[in-house]
Amino acid sequence: MLSASLKRLWHKLGSPRWFFALTESWVKVAGWSALVLLVWGTIWGLGFAPADYQQGNSFRIMYVHVPAAMLAQSLYIGMGVAGFIGLVWRMKLTDVAISACLPLGMVITALALFSGSVWGRPTWGSWWEWDGRTVSTLVLFFLYVGIYALREAIADQELRARASALIAMVGTINIPIIKYSVEWWNTLHQPASFGLTQKPAMPSEMWLPLLVMVLGFYAFAGFIVLVRMRTEILNRELGARWVRDWVQVRSER
Amino acid sequence: MSSLLRREWQVALRAKGAIINPVAFLLLSTTLFVIAAPDTVSSDAAAGILWTLVLLTQLLALDAMYRRDFDSGVLEQTLVSAQVPFVAVLTRIFMQWLSTGFIMVAVGPALGILLGLPAEATPAIALAMLLGTPALSLLGSIGASVTVGFSRGGVILALLVMPLFLPTLIFGAGLVAAAEAGSSVMPQVYALSLISLVALAIAPFATLAGLKISLEMQ
């Protein structure tokens, strides 16, 4: 009984039309919570959190940098999971998800690298250090670029979907190996040239705003991905009757 | 299986360029490096340079990995007629490794000498090549399978597989450097073996999926 209804839900999830109707309200929820959380977290983190006793005010870049770095990885892993589902169950919707996550993930990874670089200038004394974490984020950016280039090169929609799903999956399997090997490399080559890569135990006035910002970034990503997915669905189903009906209903409102 | 291997072997023997060209490229690029930056000879950078050049050589060879069989239709026939396509793919990867990575096991130490690495490090170079290059052929095969249908797939192939090569590069160069410094090479040996085994677990399936996509692209 339960498995039958779960199975039905699974099949429904694969249907663009059903997904489109379902997420109509989700977009608003994600969008508004992103706005509230980001404004709240930014004011709290930049204005009211105490300055760091070592780094002064420059530590506040963390409120952008940490959520961006987390999201950068999550979006890639999300693409890998979507790719796996797409390849195994031949779901159309997963490629829509990949196409929505890809540009956002690239931009967010670039933001993580840029904000880290800006933070590194006053803290480490240079714009760029070949630190282990920096390098693994850079490699993550290259992984995004690879899929982007691949998608650009394949004209056929179905084949593009399968190829990028495959590469996203392979990349996701390799992410932990790349991460740990780069960290190992870093500790071998430049041991403890700076002690700040270890996270200091922060007081709650510092990490609570960070938590709000992380949640805000994820809500923001959810919002962007949903909007992009819905736009992509409309684009792909342009000829379908339900799309025409939907547009009609919208324009009459 | 044996007939597949025999065919691949004969093709490899008749296309001598496939074996000689990568070696020539490797020698040439090493020479260029030493001429452009003489200080790198006998320096700490030598092991890293050697591995980077091996990686680039492998990348060049990968572009041709499936191309000829793809263009002539042999690939499609092999995948259709093979009882276990998985084995056919694995055979192809193995032969590709024999004609590139395995050659590096022999050529690598000699290049190490050219780059001024101490003679005691030569067994370590051979060991690093033996353990590391299978991962390059296996992971590279995934990228080659997806890009074989493109008329100009070289750059995309590089973008796809270079990030995946990074762990091999780190531990391969690390193994040589550790041997040079006289410390234990076992951590790198384990790491390289692990990377190659993980690559062996995923590459044949992923390559098969990639080749099917490319064949439909035709």
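Residues are numbered from 1 along each chain as its sequence is written, and chains are lettered from A in the order in which they are written. Because the model is predicted, local features need pLDDT of at least 70 and side-chain atom pairs count only at pLDDT 80 or more, while totals for chains, interfaces and linings use all residues.

The chain A average is 86, and 93% of the residues score at least 70. Among the elements of chain A, the lowest mean, 74, belongs to helix H1 (residues 2-13), and the highest, 93, to helix H3 (residues 62-89). Helices here are DSSP runs of H or I, at least four residues, numbered from the N terminus.

Next, select residues 189-196 of chain A, where the pLDDT is below 50. Beyond near neighbours in sequence, this stretch has 2 contacts in the model; a contact means C-beta atoms, placed from the backbone, within 7 Å. Where pLDDT is low, the predicted coordinates should not be read in detail.

Now show both chains. Their contact takes 23 residues from chain A and 23 residues from chain B. On the chain A side, the elements giving two or more residues are helix H5 (132-153) and helix H6 (157-189). H6(A) gives the most, with 14 residues.

Last, select helix H8 (residues 122-147) and helix H10 (residues 186-217) of chain B, which pack at about 20° with axes 7 Å apart. H8(B) is therefore roughly parallel to H10(B) (angles under 35 degrees).

Technical notes: pLDDT is the predictor's confidence in each residue, from 0 to 100. Axes are lines fitted to C-alpha atoms, for helices over the stretch in contact, and angles run from 0 to 180 degrees between N-to-C directions. Angles under 35 degrees count as roughly parallel, over 145 as roughly antiparallel, 65 to 115 as roughly perpendicular and the rest as oblique.
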